[in-house]
Amino acid sequence: MSFQTVEIETTRSAGDVYAALCRYEEFPRYAPDLISVEVEKDRSHWVLAFRGNRVSWTQADQGLLHQRTREFEQTDGDFVTLAGSWRVEARSSSASLVRFQVSYGTSVAHLAGAIDPMIGRVLVRTVCDIVSGVCPGSRIVKGGELRHDLTPTG
């Protein structure tokens, strides 16, 4: 199992950011790797571009408004496991911190050492693109080094 955490400072209020991050269906317009998100009550269906292919999953979503947190867990899809959360913390009346955490495992156990870091980079890049789209001028404070694919050596 792999874990990733991204933290991004924004210049928008925590309430505004949380409301924007609850609108999953708008995310593909901010993130080129995200092909689609369809929301159906407390479930959402995601399709993500990955190395010329697609990774898809359905997740159960739970919003905890009083904590400005959205938790999710895959119920069906291409991952063995996928679970995490979006949390928005107030820094001031006009600034906030978005913390995205995810744990995941891919279905190819003997290739996990190679595939998990690659999919992790796509997930991190997607999250950064989403938050930057929702909150122009945001600044990545943790996890930003994972946004870019590794350059092949040799």
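1. A20 is buried in this predicted model, because its relative accessibility of 6% falls under the 20% cut-off. The residue belongs to helix 1.

2. Beyond its neighbours within four places in sequence, A20 makes contact with R12, F27 and V134.

3. The largest nonpolar core comprises 36 residues. Within that core, L21, F27, L34, W57, W86 and I130 touch the most other members.

4. Several elements give two or more residues to the core. The helices in question are helix 1 (14-21) and helix 2 (112-134). The strands are strand 1 (2-10), strand 2 (34-40), strand 3 (43-50), strand 4 (53-64), strand 6 (79-92) and strand 7 (95-106). Helix 2 supplies the largest share, namely nine residues. As general background, nonpolar side chains in soluble globular proteins tend to be buried together.

5. C135 is buried, because its relative accessibility is 1%, whereas C22 is partly exposed, with a relative accessible area of 24%. The structure contains zero disulfides.

Technical notes:
Residues are numbered from 1 along each chain as its sequence is written. This is a predicted model: local features need pLDDT of at least 70, side-chain atom pairs count only at pLDDT 80 or more; totals for chains, interfaces and linings use all residues. Side-chain values use heavy atoms; hydrogens and water are left out. A nonpolar core is a set of buried Ala, Val, Leu, Ile, Met, Phe, Trp, Tyr and Cys residues joined through side-chain atoms within 4.5 Å. Buried means under 20% relative accessible area, exposed over 50%, partly exposed in between (1.4 Å probe, protein chains only). Helices (H or I, at least four residues) and strands (E, at least two) are DSSP runs, numbered from the N terminus. A disulfide is a pair of cysteine sulfur atoms within 2.5 Å. Contact means heavy atoms within 4.5 Å.
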